[in-house]
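Student: I would like to understand how the words used for a structure follow from its values. Could we take a few of them one at a time?

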Amino acid sequence: MIPLPALFAANEATWPAQRSFAVGGFTLREGGGGGRRVSSATCDGDWTGDQLDQAEAAMTGLGQPLQFMIRPGDEGLDACLAERGYRVADPSVIYAAPIASFAPAPDPMTAFPHWPPLAITQTLWAEAGIGPARLAVMHRASAPRAALLGRSGDRPAGVAFVALHDGTAMLHALAVPEPMRRAGVGGNILRRAAVWAGENGAITLGLAVTAANEPARALYASLGMKAVGQYHYRVK
């Protein structure tokens, strides 16, 4: 299995911030409204209290909430932020599996990759709360990338975004409308994403999901994906 740091790197590269820059021992991200992941700071190694103060001031200057992504090895920062009044938000799990484990491929009519996103794809995302700011994140991601449109009973039934970084494909923005759930749509989209990723040179498919999303986690486990890492946010 690909090392966890490489999955974090692929996760960031395939869902990129509008701008990233260093402040002391931290990397700050300007998200442009694209969500918590692209608007959070991370520590790059050793840091001091003064550098943490500088990072907080810089985030305030961006007009963004004070928030940090806490990854394995960040226990000291986690404790310090707790003392400063930061709360835990969105505990998340990273899942991954080799591309080959997603066989057999789904029927081509059940999900298909395309780029740029079709109007119906954008509509389904919008109905799931994934609007223009997050679409802008997808457009910032380096190619190869694709939107995926799932179908069930000859009807649009779900969407997702997938992009590659250094041999790893990461799936983002998976959304299946409530009436279409529990009909195999999510699984078909993931298997089609794996086929597309393999054709574009990937050896691993990964994704991140909130720990509380038990139905999604059950789906990923049923497809042979393994929970390989965790992270959470600290928000002031």
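Student: Why is Ala9 called partly exposed?

Tutor: In this predicted model, Ala9 has a relative accessible area of 36%. Since buried means under 20% and exposed means over 50%, the value for Ala9 lies in between, and therefore Ala9 is called partly exposed.

Student: What makes β1 and β3 edge strands?

Tutor: The open sheet of three strands has the order β1-β2-β3, with antiparallel pairing. Within that sheet, β1 (19-23) and β3 (42-43) each pair on one side only, and this makes them the edge strands. Helix α2, residues 49-62, lies across β1 and β2 and runs at about 5° to β2.

Student: How do you know that β11 pairs with both strand β4 and strand β5?

Tutor: The cut-off is at least two bridges; β4 (residues 67-70) and β11 (residues 226-235) share four bridges, while β5 (residues 87-98) and β11 share eight, so both count as pairs. Both pairings are antiparallel. Met69 stands opposite Tyr233 in β11, and the bridge partner of Val93 in β11 is Gln230.

Methods: Residues are numbered from 1 along each chain as its sequence is written. This is a predicted model: local features need pLDDT of at least 70, side-chain atom pairs count only at pLDDT 80 or more; totals for chains, interfaces and linings use all residues. Side-chain values use heavy atoms; hydrogens and water are left out. Helices (H or I, at least four residues) and strands (E, at least two) are DSSP runs, numbered from the N terminus. Buried means under 20% relative accessible area, exposed over 50%, partly exposed in between (1.4 Å probe, protein chains only). Contact means heavy atoms within 4.5 Å. Axes are lines fitted to C-alpha atoms, for helices over the stretch in contact, and angles run from 0 to 180 degrees between N-to-C directions.
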